[in-house]
Amino acid sequence: MDAMNPNLLVALALLVVPALYLFVFPKRTGNPNSKDDKHQPLDGGRSKPATLRSILSELRIFLPFLLPKDRGVQRKLIYCYFLVGVCLAIDRVVKLISPMLLRRIVDALNSAEPTTQLPWVEIVLFVLFRKIGTKVIGRVSSSYRRRALDELTDTISMTLYNKILDQSSEYHESKEMGTVWRTVCDSGTSAVYYFSHVTVNQLPVILDIALGIGACWKIFDGRMALAMVTIIVLYVGFSAAIPPWNKEMLEEVIRLNQEASNIGLDTINNWQTVSYFNRTQHERSRYGKAVKASRESNIRFMRPVRSGDITRQLVASIGVGAVCLLGCWQIQHSSRSAGDFVLLFQFWDDLFTPLDFLVNLLPSTERYLAESQKFIEILQLEPKVKDKEGAAEFKLGNGSIRFDNVSFSYDGKRDAVKNVSFKAEGGKTIAIVGETGGGKSTLFKLLCRAYDVTGGSIKIDGQDLRDVTLESFRKHVSIVPQAIGVFNTTILDNLRYANLEATREEVEDACRAAALHKRILDFPNGYEEKVGEKGAKLSGGELQRMAIARALLRKSQIVLFDEATSNLDAETESRIQEYLRKWYTGRTVVVVAHRLATIANADLIISFKDGVIVEAGRHDELLAKRGYFHLLWEKQRLAWNPPKEGGEGKSLLASS
Ligand SMILES: Nc1ncnc2c1ncn2[C@@H]1O[C@H](COP(=O)(O)OP(=O)(O)OP(=O)(O)O)[C@@H](O)[C@H]1O
């Protein structure tokens, strides 16, 4: 060892490590599971590694969150960032000084002249710096980091919440919102935590490396610094040569994991259907299979990742060995002390652990970005129906409606509504009738601008719905949908949702008019009774009456009833209809009805079939025409009063 030249050692390190790489750990090309993996990607398994540029461009989306517009939050965050920055700077100094103190302690103990004097000062300073200093600084830094993270996650949650609320019907009708919300919250929060970890714990390592190498250069010499740089370069080079995360496999892991949790959530949400059809076993096995597929894909994905880790650890150990050997050689052949070796080892140890994280930075960031994809997608969402620039406030008149050649398609292929034109004066009642699936509810959705027309225009009081702000228009419209949505709160809160200022008396009056008041009083807690999830404690008819009461409370000029009384018995229905007829006076009411008897008094009846208007007129006019409406009317009449054997109804039913 004595005769060993330091350059020889460096050269040895340079040779041994690549040799090990070439012969002991043959480089993998492509997917390690290529033989039996049916999910092998088309590019041969080797996914394109993310470049720094591509990652930075995706990360840009997080930037606005770092300093949100809210001044108060901004101030708090700047304060936290500043303190975390100060802690990081102090930590760097502590990391630089403590190995030097350790060297002095070792040298004092290892002195050639025997002494009983303990290096108290160095020991106390070392403990203060290395243990107490690092721990205290670590705690302070992490508490301010935590505060900043809490602010950031709050801002992110609010942004996502607003984004989802702002989306139009097309988005909400096509997504499983429960799953979207859960995935978004999880991935958004974990992404913020990950990126803060990178900023606070990983990026400062670059400074640590520079300081460590500089210190070793000063204490040892340029050869030691060169050896360290060489080993770090080799280590980083090796790490870069190890195939990165296989992007396709990673996407599959995420997809299968989401699929499994979607199945679980969907089953639990539809527990009643599962139970009615006695499908518990079927669901258990479906969920079990999905969980297994998710786990297996994760194992497939992690296999090459783990073997890459082992290779890197081996390279790191060889590097530490080479530097230690070089250090020992230099100490033996110079006036340097044993303390210098301890210092060297300490620096090296401090460098290598975080360096390991650092080389993983790009692939692991790529993984987080892939996991945060849903979250990123939502941040980039734009609602399909939104206010156009310079949209005016809607000015309510008497609520006249005009459809001009309106067409609409949900999917861009099939028209749900085609070239519909009609005019209705304000304050009138318009009924829309027709066969199921004919486009009646679609007309409703267009009327309240849940969707924008794909052709033609809808004008209310002479204003094109696309030219006015949604907010100003919708406050004049109430909708009684086919399926009412309720919150899992009290009956009172659900009713007041339509009009937050409504007094208790007004709520009770609306319920009396909707024939619901007595029924509510029958509940143990009356109006304070919780309705259960999706209104589980209320019957279909009670839910419908609640929707009617809500519309009454809202007191809008334009009211849309979509099959509002279809679940009620004839007596209750006629009681409510009687009240509603008076209430309709002066309001523009659009009613979709299957039971034609309920719309006999409408000012205008529009018969709808396959998305087009077949006939329009008053009840008696349409009956006199003996066309489509007459056919529907007769079918219903006969269904209620079946004909005697061989009667006239037979031919009518047959003609349908
Ligand atoms: N969100 C949607 N996405 C795609 N297609 C849709 C959507 N909603 C309705 N449709 C389709 O549009 C057509 C018209 O549906 P719509 O609900 O307007 O009919 P309807 O006359 O109200 O029927 P019903 O009387 O049964 O309620 C149907 O073919 C339906 O499948």
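The following questions and answers look at a helix pair, a ligand shell and a strand pair in a predicted model.

Visitor: At what angle do helix α19 and helix α21 pack, and are they parallel or oblique to each other?

Guide: Two packed helices are described by the angle between their axes and the distance between the axes. Helix α19, residues 504-513, and helix α21, residues 540-554, have their axes 8 Å apart, and they pack at an angle of about 130°. An angle over 145 degrees would count as roughly antiparallel, and one of 65 to 115 as roughly perpendicular; α19 and α21 are therefore oblique.

Visitor: Which residues in α21 does α19 meet?

Guide: In α19, the residues that take part are Glu506, Val507, Ala510, Cys511 and Ala513. By class, this contact of α19 with α21 has seven nonpolar, no polar and one charged residues.

Visitor: Which helix gives the largest share of the shell around the ligand?

Guide: The ligand is surrounded by residues including Glu173, Tyr410, Asp411, Lys440, Ser441 and Thr442. By class, the shell around the ligand divides into two nonpolar, six polar and three charged residues. The largest share of this shell is three residues, and it comes from the helix of residues 440-447, α16.

Visitor: In β2, what is the bridge partner of Arg402?

Guide: Strand β1, residues 401-409, pairs with strand β2, residues 415-424, in the antiparallel sense over six bridges. Their hairpin has five residues between the strands, where Gly412 takes a positive phi near 80°. For Arg402, the bridge partner in β2 is Lys423.

How values were computed:
Residues are numbered from 1 along each chain as its sequence is written. This is a predicted model: local features need pLDDT of at least 70, side-chain atom pairs count only at pLDDT 80 or more; totals for chains, interfaces and linings use all residues. Axes are lines fitted to C-alpha atoms, for helices over the stretch in contact, and angles run from 0 to 180 degrees between N-to-C directions. Helices (H or I, at least four residues) and strands (E, at least two) are DSSP runs, numbered from the N terminus. Angles under 35 degrees count as roughly parallel, over 145 as roughly antiparallel, 65 to 115 as roughly perpendicular and the rest as oblique. Two residues are in contact if their C-beta atoms, placed from the backbone, lie within 7 Å. Ala, Val, Leu, Ile, Met, Phe, Trp, Tyr, Cys and Pro count as nonpolar, Asp, Glu, Lys and Arg as charged, and the others, Gly among them, as polar. A residue is near a molecule or strand if its C-beta atom, placed from the backbone, lies within 6 Å of it. Two strands pair if DSSP finds at least two bridges between them.
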